[in-house]
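Please read it alongside the sequence and the model.

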Amino acid sequence: MPAEPDQPIQYTLKVGDTRLPLNDLIGRAIQIDYDGVIRCIHCDRKTKKSFGQGYCFPCFRKLAACDSCIVSPEKCHYHEGTCREPEWGETHCMIEHVVYLANSSGLKVGITRGTQIPTRWIDQGAVAALPIVRVSTRQLAGFVEVICKQHVADRTNWRAMLKGGVAELDLAAERDRLLDLIRPELDALRQAHGEVAIREVDEAGLSLSYPVQVWPDKVKSHNLDKTPSVTGVLQGIKGQYLMLDTGVINIRKFTAYEVRFQVLA
């Protein structure tokens, strides 16, 4: 986060053991070369294909961080004693989570650990976000999100998000409207899990600004699997994306790929 609220997010890229300040490179030509090697971010094993954004297949099959309930938290099975890694579940899932509203490509609902605010919002390229409910576990956050999805989208249109010009929304008003719509379902969840397990909150939102020099008119994406060398002038950064004059690249998608990063001019 920047020191001043009206300043853009400061991005860095981990290259080897150093972190490269990316904001300083906006307006300059860069090149990313994929050397054909993928290493699992958990066990460091070489793998021909990355699973779950950075894992080899064995780790993808055994780690709790890769279980299907991470994508669908309402399917958490920790309470059944079948969590892949109970200790991991205790530290990542059986803790306070936040259900929030964000404006990325429009209004959306999402969940994150309480410790991941505002990181999660930045990761999604939100221009504004605010918490609406705090809950005691990830599964409860999933239950609330499922209810909210009957009225609000839960996905970001990444192409629209990268074009800029996202219409301003009154998130506080949207929060109040949504809570009124889902209050019967929230009350039912409280009866099942306890009053203190689900708390509606009236917290201030956060506005976010991104370092973008030029917004693309048409969003074309680079894929290192198909084109292992990507070159272009860095025009901006938003969410998980580097925005080049030749197209955008989702850096998160290529986690675990070994690449060479060069500043050309």
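Is Arg84 buried, partly exposed or exposed? Arg84 has a relative accessible area of 32% and therefore counts as partly exposed, where buried means under 20% relative accessible area, exposed over 50%, and partly exposed in between (1.4 Å probe, protein chains only). The model is predicted: local features need pLDDT of at least 70, side-chain atom pairs count only at pLDDT 80 or more, and totals for chains, interfaces and linings use all residues. Residues are numbered from 1 along each chain as its sequence is written, and side-chain values use heavy atoms, with hydrogens and water left out.

- Arg84 lies in the loop between α2 and α3 (86-92); helices (H or I, at least four residues) and strands (E, at least two) are DSSP runs, numbered from the N terminus.
- Apart from neighbours within four places in sequence, Arg84 is in contact (heavy atoms within 4.5 Å) with Phe60, Arg61, Lys62, Leu63, Ala64, Cys66 and Asp67.
- Between the C-alpha atoms of Arg84 and Gly110, 26 residues apart in sequence, the distance is 24 Å.
- The whole structure holds 1 cavity of 30 Å³ or more. On a 1 Å grid over the protein atoms alone, a cavity is a set of points where a 1.4 Å probe fits but cannot get out, and lining residues have an atom within 4 Å of a point.
- The largest cavity has about 90 Å³ of space, a volume being the space filled by probe spheres set on the grid points, which are joined across faces, edges and corners.
- Arg84 is one of the residues that line the largest cavity, and Ala64, Asp67, Cys76, His77 and Trp88 are also among them.
- The lining comprises 7 nonpolar, 2 polar and 2 charged residues; Ala, Val, Leu, Ile, Met, Phe, Trp, Tyr, Cys and Pro count as nonpolar, Asp, Glu, Lys and Arg as charged, and the others, Gly among them, as polar.

**Cysteines**

- A disulfide is a covalent bond between the sulfur atoms of two cysteines. A search of the whole structure, with a cut-off of sulfur atoms within 2.5 Å, finds 0 disulfides.
- Cys43 has the sulfur of Cys56 as its nearest cysteine sulfur, 3.7 Å away, and Cys43 counts as partly exposed because its relative accessibility is 33%.
- For Cys93, the nearest cysteine sulfur is that of Cys76, at 5.7 Å; Cys93 counts as buried because its relative accessible area is 10%.

**Helix α5**

- Helix α5 (residues 138-148) contains Cys148, which is buried because its relative accessibility is 0%.
- Beyond neighbours within four places in sequence, Cys148 is in contact with Val109, Ile132, Leu178 and Ile182.
- The helix is mostly covered, with 9 of its 11 residues buried, including Arg138, Gln139 and Glu145.
- Elements covering the buried residues of α5 include α2 (68-71), β5 (107-113), β6 (128-135) and α7 (171-193).

**Nonpolar cores**

- A nonpolar core is a set of buried Ala, Val, Leu, Ile, Met, Phe, Trp, Tyr and Cys residues joined through side-chain atoms within 4.5 Å.
- In the largest core, of 37 residues, Leu22, Leu234 and Leu242 touch the most other members.
- Elements giving two or more residues to this core include β3 (29-38), β9 (229-238) and β12 (257-263).
- A second, separate core has 23 residues, among them Ala128, Val133, Leu179 and Leu186.

Methods. On a 1 Å grid over the protein atoms alone, a cavity is a set of points where a 1.4 Å probe fits but cannot get out, and a pocket is an open set with protein on both sides within 12 Å along at least five of seven lines; lining residues have an atom within 4 Å of a point.
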